[in-house]
Amino acid sequence: MSASLYHYHLPLLLFGSLCDIPLTRVKIMRKTCSEKNMLNNFLKKHAYRLYQTSSPGSNIATHSLRNFQDMIYVGNITIGTPPQGFQVVFDTGSSDLWVPSIFCTSPNFSSHVMFRHNESSTYRHTNKTFSIKYCSGRMKGFVGRDTVRIGDLVSTDQPFGLSVEQSGFEGLPFDGVLGLNYPNLSVTGGIPIFDNLKNHGVISEPVFAFYLSKSKPEGSVVMFGGVDKSYYQGVLNWVPLIQVGDWSVHMDRISMEGQIVACSGGCEALVDTGASSILGPRGLVDKILRLLGAKPQGSEHYVSCSAVNTLPSIDFTINGINYPVPAQAYTIKDSSGICYINFEGDPDSRSTETWILGDVFLRQYFSVYDRGNDRIGLAQAV
């Protein structure tokens, strides 16, 4: 399973006795963003009712997401009968749905909604368990089955994970994760919710898409069953997957001002809605940071905010088409007025050069995930 939720990404996940499979990655927010009062004030100020709409005659179900300070995007779902509401990350880097359980014994669960299985008339217990080990924390739990709703989309008897012990989620503005990757990457062994919706004819086309807003809480959406063209301009450029079973594509190169700075011989790129930054091999990321004149501060790198407008765009060339990401998009200004470069170095050595194109990239480009044709579509976001 592919790396996900980066900058809010979970460090490398190892599941049970399986081989090392990167699934979701979450990193604790910078201290200025993770303080409890700041989070509570944000949620109070930007309270909203998540909704789902379908365009007339299109059979496209559009579900709103909330942008939390350009770091992560969350949406509401319900589980059970009567429905219990949860805020989850819609994540193309993983394949499982999981939320906290009322059985959880970890003290930090008080900030998250917990599923009360005994209050749902449609809940079914299973004997399956799962465990996830993080570099900075862990999770373990069991698998249940119940009715899950994403707006008006309903999946009955849906398998999902219920965590009973976890660490590493303190201060994060979501309860769980809803994975949208291929079923072969499922850790819990259940059929992912998108596959259930597809297999039961709940959605008209085996397609979903994301539009991620910039700098504002509202406006982001995930859509199921088709594509709303009002969210992008120009044409959709279709890119075949490297192999069926993961949202990874071949990337030609990464360049700055016409000079190749990484991926010189081609590389792999995972298109990941659960990752807030752009992640690449540590040595190549360090090279890019040096070229940008970024200075280290702890685990982060920063530049003068006054210099951001003078920094070059970084071009990601995919299937022969350039996708520039301007400096205003790959820098983020925190509450203390410091501008950080939103690139992360992956310390893990891999046999092939791999990059993760997270929300920094996806705020610029509307993305479509076509399970029917095993391809990804990219277009300039409006």
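Helices here are DSSP runs of H or I with at least four residues, strands are DSSP runs of E with at least two, and both are numbered from the N terminus. By that count the chain has six helices and 27 strands.

Before you click on anything, two notes. What you have loaded is a predicted model, in which local features need pLDDT of at least 70 and side-chain atom pairs count only at pLDDT 80 or more, while totals for chains, interfaces and linings use all residues. Residues are numbered from 1 along each chain as its sequence is written, and side-chain values use heavy atoms, with hydrogens and water left out.

**Stop 1: the whole chain**

Colour by pLDDT, the predictor's confidence in each residue on a scale from 0 to 100. The chain averages 84, and 82% of the residues score at least 70. Now select residues 1-57: pLDDT stays under 50 there. The model has 198 contacts beyond four places in sequence for residues 1-57, a contact being heavy atoms within 4.5 Å.

Switch to colouring by accessibility. Buried means under 20% relative accessible area, exposed means over 50%, and partly exposed is in between, using a 1.4 Å probe and protein chains only. Of the 382 residues, 58% count as buried. As for sequence range, take the contacts with a separation of 6 or more: 67% of them are between residues 24 or more positions apart.

**Stop 2**

Take D91 on its own: it lies in strand β5. Buried or exposed? D91 is buried, at 0% relative accessibility. A polar atom of the D91 side chain lies 2.9 Å from the backbone nitrogen of G93.

D272 is in the loop between β16 (267-271) and β17 (278-281). D272 is buried as well, with 0% relative accessibility.

**Stop 3: T92**

Step along to T92, in the loop between β5 (84-91) and β6 (97-100). T92 has a relative accessible area of 0%, so it counts as buried. Which backbone oxygen does the side chain of T92 reach? That of V271, at 2.9 Å. Show what T92 touches beyond four places in sequence, and you'll find D272 in the list, along with others including W247, F208, F210 and Y369.

**Stop 4: a cis bond**

Select T81 and P82. The peptide bond joining them is cis, with omega about -5°. P82 lies in the loop between β4 (72-79) and β5.

**Stop 5: P240 and its contacts**

Go to P240, in strand β13 (residues 232-240). Leaving aside neighbours within four places in sequence, P240 is in contact with V249, N319, D374 and R375. For another distance to draw, P240 and G377 are 137 residues apart in sequence and 8.8 Å apart in space, C-alpha to C-alpha.

N319, in the loop between β20 (314-318) and β21 (321-325), has phi near 55°, a positive value in a residue other than glycine. N319 is partly exposed, at 44%. D374, in the loop between β26 (365-370) and β27 (375-381), also has a positive phi, near 50°. D374 is partly exposed, at 23%.

**Stop 6: an open sheet**

Last, select β18, β19, β23 and β22. These four strands form an open sheet in that order, with antiparallel pairing; two strands pair if DSSP finds at least two bridges between them. β18 (295-297) and β22 (331-333) stand at the edges with a single partner strand each, so one side of each has no neighbour in the sheet.

Zoom in on β18: three bridges join it to the antiparallel β19 (residues 300-303). Within this pair, P296 stands opposite H301 in β19.

Conventions:
A polar contact is a pair of N or O atoms within 3.5 Å; within protein, one must be able to donate a hydrogen and the other to accept it, and residues adjacent in sequence count only if both atoms are side-chain atoms.
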